[in-house]
Amino acid sequence: MVRVPAHGSQAGKGEHREKFYKLILLRNMATEVLTQAHHGAHDDHGHDHDHAHHESFIRKYIFSTDHKTIAKQFLLSALIFLFVGGGMALILRWQLAYPGQPLPLIGHLLSDSFVTDGVVQPGFFMQMTTMHASVMIFFVIIPLAVGFFGNLCIPLQIGTDDMAFPMVNMFSFWLVPPAAMCVMSGFFMDGGAAAAGWTHYPPLSVTSGAGHTMWTVGVFFAGFSSILGGLNYIVTVLNKRAPGMGMFDMPLTVWALFITAVLISLGTPVLASDLAVLFFDQFFHSSFFIPEGMLYADNVHTGGGQPILFQHLFWFYSHPAVYIMLLPLMGVVSDVMSTFSRRPIYGYKAMVFAMGAIGGLGFIVWGHHMFQSGMNPLLGTTFMLSTIVIAVPSAIKTFNWLGTLWRGSIRFSVPMLQALGFLTTFVVGGLSGIFMAAAPADVFIHDTYFIVAHIHYVLFGGSLFGIFAGIYYWFPKLFGRHMNEAWGQIHFFASFILFNLTFFPMHLLGIGGHMRRISDPTVYEFLAPFQDMNEFITLAAIGLGFAQLILVFNIIFSLKFGKKATRNPWRANSLEWACPSPPVGHGNFDRQIHVYRGPYEFSSPLTKKDYLPQWKKLEEKPAETPVTAQKTEAGESTKA
Amino acid sequence: MLEYFPENVSSIGIEHDHLFAIIYYLCVGIFFLVNITLVYFLIKYRRRRGVKAYYFHGNNLVEFTWTLLPTLLFAGLGFYSDDLWTRMKYQDAVPVADVEVEVLGQQYLWHYRYPGPDGVFGRTIPSLRSSENVFAIDPEDPAGKDDLTMSNVFYLPINKTIVVHLSSVDVLHSFFLPNFRIKQDAVPGLKIDVWFDCFKAGDYELACAELCGSGHYSMRGELRMLSEDAYNEWLQGKYDAILASIEQPAEAASADDMMDAGDEMSDGTEIVEEPTQAEQGH
Ligand code: HEM
Ligand SMILES: [Cu+2]
Ligand SMILES: [Cu+2]
């Protein structure tokens, strides 16, 4: 990190700055030459950027180092996994609504070790809960939030040609398939896939079949993929911003991804060590997490481990991980809301600091997942207070989003609809978080469907709607064509309504005491009144699942027949809209980019139009030195 | 929403429901405040011909206010909740027990142990645990010989302070009494005290709330809350059976560790090998 900040905001040092930019240009060129030399080592094709590329198919589409291709790869693999995970969820829902009745359609296709006469066996149900959550978290939301948006947005929005380490970037994607294969391989093993929950608490995860060991290995790889991505993002954001772009000239998406990357690089290694130790217990029969006196395969265990230790290390990562899954989308939604209400983000710096606070506080709240775990209740007090404090930055962000809509000129395009869907569901998820954060109120609802409702309000309602918003918003940039607006609206309204019908009643189940991860609620008398609700939820969930097909068809259809996109179809301000749609092969931009102002100068009085892009140099002279004048103005008003 | 709670029968449950209601009304208030504002903005500031959006980057005073207000509100809620939390779960706040019972989770059933006629739990040694002796009771300890053990269904008196010594035989389980608003994970190798009382006789369900394997859903226990008299009668019946079986070991039926009858020299010491939660200091 040799870079002296290119803030350029030190107004008046114009000359120095020019020199500095030249230096950066030089350095960029040097990087390019190096990368080319690197490519050259692998194949002998020419690499003149002004000519058509002659890269082999494999280099171009499979083992590509181009961030745009890698983004598409993350998108494709995550969409496939979205349907795999969704299918698993529907199996779960069927069993909960109609316990003991054979699965329709696929019931008789499944192996006898999973179903009897088409009826889901309890063990298979546990595998489905575990795999549904693992797939959704590790192979859908994290790859989309971090892998897809990181690769799509960071280089384009900071106006550079690629990531700092393109090879590392490629490697980060290619760790996902082996990771997924390991996690899923259990289905073909004795004892089936992992069935100890996505939280994989020992001793259960140690005393169960080999699928659990493979799960540990797979998630370890997935974590490695995140770490590689995260480090790359940090270096890229710090070193590769376009000339003139200070940290506070970055769009909030980049800020969010940057903070996420910091969380990843601090948190994921802890998960990795936790999993490594778990692997020792599973594979070498050590006893880090297996206590003395535990009965295990009819033998009494004589080690002296601590099951709760696993949970501490696991949540030390996994609480920040929930923000890893959400923060990038908070950024995306901010960009979308600003663009479609034609207003500068309300309180840009407050937004950045709130995200920083969420990131920082996120590391001292993990114990709120363990209030009932048997950790010393004294710690419960501490974690309750820190958790309640972390709701504050979330509130700040919500207020600032409202402030952004205030006195705007709001357009209800599909990305905006999805962003508003994000906002409303995130509010519900944040509020249910308050119940659980208050430790004594958590006693009852812990490990019930109330938690399931919370998770889905923040991860489906929050993250996934945010992801949809981003997909609709940047699709024209990435693929050069628009998605169909009408089908987009249908997709949004169908998803939003069915989402709420599916997940809101789960709060009620939770208050009724309905435990999560049980395969047959009819065992309990006190749950009898809720069976109708379970059926209702299942019907809504099936609808919700099918509604996602609209998205897939819209994507496929639009790739081929969508309306051609112009450079800046939403008339937005950040740098990705300065390059052609889609961006040019290697290098993205077809001209030298210089940044003159912040990313959200909508409806600025300096121009007749209602937007003023970051790269636009104003020709008429409102002041002696237009660049610095606007710069300070924008800077000051952001500070205000 | 609150009416979906199962009936509450414990004094701590009353306080729990009260706190839950406070948070509920608070959250419903915030929910409507935010959403009404949102809908209002969406309608009022929808795109209109000739109206340009307002160019404004925000205001520090506003930011400060809407940071401070939720902080105060939430911190207040946190400190308010803590009072109940300390009384519910702190191990040094566990009240003096009228009745003590040890509860163990095992895939997929619950085991209970009462001290027996001598009023003393027999000593346990973890390494002695086996599927015949899930409590790991030391056969050398006379205090253990009369311990009353049972599975799945257990009985307790109402209007008494009950302390459960909770642990697990194998994996994690969670001791969940919905009608008492009680939940506590059962951790192998760790003994955790859970206390409650009850003001209404009846049969209540005990659920396992922590995933413990494929049979987790079926790990259902029952708690019969009896009036004091009925409880004493029930207990006396059990004691008589135990004492009888200790005298005639060949016919030992109920207790599972009848080794050697005769030496009734209970010295009253209770040695529990498992460290308690407080000692472990997690
Ligand atoms: C206002 C902010 C939030 C607060 C106060 C909060 C609080 C909590 C608490 C206390 C729990 C543990 C509940 C229990 O197991 O008994 C929990 C669980 C969870 N939260 Fe949040 N949360 C908040 C926001 C979020 C966000 C933004 C996300 C994700 C994007 C999230 C994802 C989750 C997940 C996935 C779990 C469940 C993990 C599991 O046990 O499987 N939460 N939350
Ligand atoms: Cu958390
Ligand atoms: Cu269980």
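Let's start with the contact between the two chains. In this predicted model, 110 residues of chain A are in contact with 93 residues of chain B. The area buried between chain A and chain B is about 8800 Å². Carbon and sulfur atoms give 70% of that area.

Now the polar side of that interface. The rule finds 26 residue pairs in polar contact across chain A and chain B, with both residues at pLDDT 80 or more. Where does the largest share of chain A's side come from? It comes from helix α13 of chain A, residues 377-405, which gives 17 residues. Sort chain A's side by class, and you get 64 nonpolar, 30 polar and 16 charged residues.

How many salt bridges does the rule find across the interface of chain A and chain B? One. The partners are B:R220 and A:E525, whose side chains meet at 3.6 Å, N to O.

B:R224 is partly exposed, at 22% relative accessibility. B:E222 comes out at 18%, and it counts as buried because the cut-off for buried is under 20%. Now put the pieces together. Salt bridges that share partners join A:E525, B:D203, B:E205, B:R220, B:E222 and B:R224 into one network. That network includes A:E525 from chain A, along with residues of chain B.

Next, the metals. Start with the copper ion, ligand 2. Which protein atoms are its donors? They are A:H319 through ND1, A:H368 through NE2 and A:H369 through NE2. They lie 1.9 to 2.0 Å from the copper ion. Along the chain, the donors follow the spacing H-x48-H-H. Look at A:H319 and A:H369, which link distant parts of the chain, 50 residues apart. A:H319 belongs to helix α10 of chain A, residues 307-324. A:H369 is in the loop between α12, residues 348-361, and α13 of chain A. Buried or exposed? A:H319 is buried, with a relative accessible area of 4%. A:H369 counts as partly exposed, at 23%.

Now the iron atom of ligand 1. It has a single donor from the protein, A:H454, through NE2 at 2.1 Å. A:H454 is in helix α16 of chain A, residues 449-479. And how far is the iron atom of ligand 1 from the copper ion? The separation is 4.5 Å.

A:T387 is buried, at 7% relative accessible area. Its side chain makes a polar contact of 2.9 Å with the side chain of A:H368, and A:H368 is one of the copper donors. A polar atom of the A:T387 side chain also lies 2.5 Å from the backbone oxygen of A:F383. Leaving out residues up to four places away in sequence, A:T387 touches A:V365, A:H368 and A:A437.

Let's step back to chain A as a whole. Chain A has 19 helices and four strands. Of its 640 residues, 66% count as buried. Take contacts in chain A between residues at least 6 apart in sequence: 76% of them join residues at least 24 apart.

Last topic, salt bridges elsewhere. Over all chains, the structure holds 20. One of them joins A:D161 and A:K240, with the closest N and O atoms 3.0 Å apart. A:D161 lies in the loop between α4 and α5 of chain A, and A:K240 in the loop between α8 and α9, so this pair ties together parts that are 79 residues apart in sequence. A:D161 is partly exposed, at 22% relative accessibility. A:K240 counts as buried, at 11%.

For a local case, go to chain B. The side chains of B:R87 and B:D83 meet at 3.0 Å, N to O. These residues are four apart in helix α2 of chain B, residues 60-89, so about one helical turn separates them. B:R87 is partly exposed, at 32% relative accessibility. B:D83 is also partly exposed, at 43%.

Technical notes:
Residues numbered from 1 in each chain as written. Chains lettered and ligands numbered in written order. Heavy atoms only, no water. Contact = heavy atoms within 4.5 Å. Buried area = accessible area lost by both parts, 1.4 Å probe. Salt bridge = Lys/Arg side-chain N within 4 Å of Asp/Glu carboxyl O. Polar contact = N/O pair within 3.5 Å; in protein donor to acceptor, adjacent residues only side chain to side chain. Helix = DSSP H or I, 4+ residues; strand = E, 2+ residues; numbered from the N terminus. Nonpolar A, V, L, I, M, F, W, Y, C, P; charged D, E, K, R; others polar. Donors = N, O, S within 2.8 Å, 3.2 Å for Na, K, Ca; no water. Buried < 20%, exposed > 50% of the residue type's maximum accessible area, 1.4 Å probe, protein only.
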